[in-house]
Structures are given as structure tokens and as C-alpha cells.
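Have a look at the model along with me.

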Amino acid sequence: MGQPEDKKLLRSAEVAVDTCVAHRLRLISRVISNIYNEELSKNGLTVSQFNILTVIIAGKSISPTFISTNLQIEKSTLSRNLELMRKNSWITMESAGRGIVLGITAKGKKAFQVAYPQWERAQERSVAILGKNEIQRIFKIALEVSKSQTS
């Protein structure tokens, strides 16, 4: 890399590697997601599926659009997860007017109940890695970011 353009290119790449917010957030997300997936996989669930079950259990008349928006899951990824969850008899998908309403089955409730202790272990491991104060800051930032997306 003897050319001035090459040096500038190298310096730009170094700056991007050292300061990219997206890279750092994705790294944290992957590490934490892997912890949850490791724990939840003991019951055949992923963290995304666990979160979807949580939203369905906690809500009423939940639509795929609601889940996609609130969990920030791409529609194609959500569709694959919902179809797998339906095949596992964890959820129901009922037509309601022009949309679909998701429901939880007895088998889905049981899957959630069985997976909950693994989720708690993943929570504990994640808090141990990130720290309680940092978790509180992450929650605050997440709330602010989600508010800015809906404004």
C-alpha cells in the first residue's frame, strides 16, 4: 500500500473497524443471543421463538404485524418462526377479518413454562456479563430508541 489513496483507504477502514456503533451492538447482540439460544435450545426453542410466545401469552388478539413491529423481526423471519411454531402446535393462527390473530395452545403454554427456568439462567448469565447498571442503561436506551421509531 504505497499509494496515498491506499493509505487513505487503510486509515478509513481502521477508523470504521475501531468506531463502528453497528459492529459493537451486533457483537453484543450475538453474544447475548447465543447465551439465550444455548439455554433455550434444551427445550427446542430459540430466543426469538421464546419472545414471540411471551408476546402472544401477554397480549390479546396479537397479529403477526404487531409482533414484527414490537420485536423488530423481519416479516420473512417472523413467518418462518410462526410456521415452525404452528407445526409444533405451540400457537394457533386464526383468520380475523383481513388479518391473522395468533393464539397460544396448551402445548405452547407448556413449552413456555418448561423453557422459563432456562430463560432465567440466560438472564443471570447476561446480567453477569453486562452488569446491572449497564443493563439499566440498555433498557433506557432501548425505550428511547423505540419511542423515536414510533414518533
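**Ground rules.** I am working with a predicted model, where local features need pLDDT of at least 70, side-chain atom pairs count only at pLDDT 80 or more, and totals for chains, interfaces and linings use all residues. Residues are numbered from 1 along each chain as its sequence is written, and side-chain values use heavy atoms, with hydrogens and water left out.

**Entry 1, the largest pocket.** I looked up the volume of the largest pocket and got about 2,100 Å³. On a 1 Å grid over the protein atoms alone, a pocket is an open set of points where a 1.4 Å probe fits, with protein on both sides within 12 Å along at least five of seven lines. The volume is the space filled by probe spheres set on the points, which are joined across faces, edges and corners. Lining residues, those with an atom within 4 Å of a point, number 38, and Ser29, Ser33, Leu71, Ile138 and Ala142 are the closest to the pocket centre.

Which helix gives the largest share of the lining? I found H7, with 12 residues. Helices H2 (21-40), H3 (47-58), H4 (64-71), H6 (106-130) and H7 (132-150) each supply at least two. Helices here are DSSP runs (H or I, at least four residues) and strands likewise (E, at least two), numbered from the N terminus. By class, I noted 19 nonpolar, 14 polar and five charged lining residues; Gly counts as polar, and Asp, Glu, Lys and Arg as charged.

Gln49 sits in H3 and is buried (under 20% relative accessible area, 1.4 Å probe, protein chains only), at 3%. Its side chain reaches the backbone nitrogen of Thr46 at 3.1 Å. Leaving out residues up to four places away in sequence, Gln49 touches Gly44, Asn81, Leu84, Met85 and Trp90, where contact means heavy atoms within 4.5 Å.

I asked which residues of H4 are buried, and found Pro64, Ile67 and Ser68. They lie on the same side of H4, because they cover an arc of only 100 degrees around the axis, taken from the directions from the helix axis to the C-beta atoms. These buried residues pack against H3, helix H5 (75-87) and strand S2 (99-104). Just after H4, Gln72 takes a positive phi of about 55 degrees.

Gly108 belongs to H6 and is buried, with a relative accessible area of 0%. Gly108 touches Leu53, Ser89 and Trp90, not counting residues up to four places away in sequence.

Definitions and conventions
Buried means under 20% relative accessible area, exposed over 50%, partly exposed in between (1.4 Å probe, protein chains only). A polar contact is a pair of N or O atoms within 3.5 Å; within protein, one must be able to donate a hydrogen and the other to accept it, and residues adjacent in sequence count only if both atoms are side-chain atoms.
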